[in-house]
Amino acid sequence: MENGSLVSVIIPVYNVKPYLPEAMESVLSQTYPNLEIIVIDDGSTDGSGEICDRYAEKDSRITLIRQENKGLSGARNVGLDQTHGEAVAFLDSDDVYHPDFIRTMTETMIRENSDIVLCKCTQHETTGPIRPNGREKAEPPTTQTRYNRAEALRALADRSINMPVWNKLYRRELWDTVRFSEGHVYEDVDTLYRIFNLCETLCVLDRALYRHRIHSGSITRIPSRKNLQDHYLAHSHFAAFIEANIPEIFTEEQLVKTNQSFFNQKMVLYIRTFGTRQDKEIVSSKILREEIIEIGRKMKIESFSMRTRAAYRMLCSCPALLRMFYLVYRPFRALERAVTRQ
């Protein structure tokens, strides 16, 4: 790979009309010009397709593909099949690139001879334009700048490197034999460790060059029964990979921490859903409680922290008490984190 090499950007689009123009403008205004922009209209019904048409007419670098709805994984896979660049990046169509995203990531990949380059990202809970103010918390929290394959995988397990595929630039050949699992959400969790397992080096930039939008319409923010099942499926695949690579790469402690992190996410989702509109209309908290109890048995809850074990026992015996404790405890945790960061 050399300076000026072609970089492919894959943008799946499905019913994101309010956010799509901002995402597209952030790609077209990149300071790195040699781009192949592959836009996949995944069966949009809200007018997003017409916006894709306008941008495809506006810029010859855009290749527009239309298909019946296959989901995010299916759209990304179609994009991967069409790439010609030496490096590939992903952009969710409700997110935004910093103007220097591609240039900075590409220059780092060449200079460091790295297979993957990762930048920090910021999260923006808004339905309007993303307007960074410089005070956002940049993630992931890692301070290490260079990883080999084993170190990168361990960092993924420890969550010091984040799971989404979108704040990273990849050498194209890493994707020759890997595709996203179609028909499922949480596809990043089920895919990224397989890509990391193929790389030799990964570099991290201490710059926030990706802006991630959080809004109620995000797929993984909807706690449907299928989403819960997909979350468990993706996690179980990653946990099985960790277990199969102990002690060559991972430790038993990392497997326990990975399982506990997943379990805690489930527990918080239950508490947030319990007694709400989502409980009645999207997924029953009774069903979610039953699933968590069963997962706790499978994951050997006795190996988890005392706090998690206590929460699990309350979930089993008195869910209302668990919710009450969470609502009281959460503000104090937020205050503690705020004081710690100062």
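Author: In this predicted model, a residue is called buried when its relative accessible area is under 20%, and exposed when that area is over 50%.

Reader: What percentage of the residues in the protein is buried?

Author: The cut-off for a buried residue is a relative accessible area under 20%. The protein has 342 residues, and the buried share of them is 51%.

Reader: How many helices and how many strands does the protein have?

Author: Among the helices is α4, which covers residues 101–112, and among the strands is β6, which covers residues 116–125. Counted over the protein, there are twelve helices and nine strands.

Reader: Is Lys 120 buried or exposed?

Author: Lys 120 is a residue of strand β6. Its relative accessibility is 7%, and the limit for burial is 20%. Lys 120 therefore counts as buried.

Reader: Why does Thr 106 count as buried?

Author: Thr 106 is part of helix α4. Not counting residues up to four places away in sequence, Thr 106 touches Met 1, Val 7, Tyr 32 and Leu 169. Burial requires a relative accessible area under 20%; Thr 106 counts as buried because its value is 1%.

Reader: Which element gives the most residues to the largest nonpolar core?

Author: The largest nonpolar core holds 43 residues, and Tyr 170, Trp 175 and Phe 196 touch the most other members. Elements that give two or more residues to this core include β2, α3, β6, β9 and α7. With six residues, the element that gives the most is α5.

Reader: How many residues are in the other core that lies apart from the largest one?

Author: Within the largest core, Phe 196 is one of the residues that touch the most other members. Beyond four places in sequence, the contacts of Phe 196 include Ile 116, Ala 152, Leu 153 and Leu 202. The other core lies apart, with Val 7, Ile 11, Ala 23 and Tyr 210 among its members, and its size is 35 residues.

Note on methods
Residues are numbered from 1 along each chain as its sequence is written. This is a predicted model: local features need pLDDT of at least 70, side-chain atom pairs count only at pLDDT 80 or more; totals for chains, interfaces and linings use all residues. Side-chain values use heavy atoms; hydrogens and water are left out. Helices (H or I, at least four residues) and strands (E, at least two) are DSSP runs, numbered from the N terminus. Buried means under 20% relative accessible area, exposed over 50%, partly exposed in between (1.4 Å probe, protein chains only). Contact means heavy atoms within 4.5 Å. A nonpolar core is a set of buried Ala, Val, Leu, Ile, Met, Phe, Trp, Tyr and Cys residues joined through side-chain atoms within 4.5 Å.
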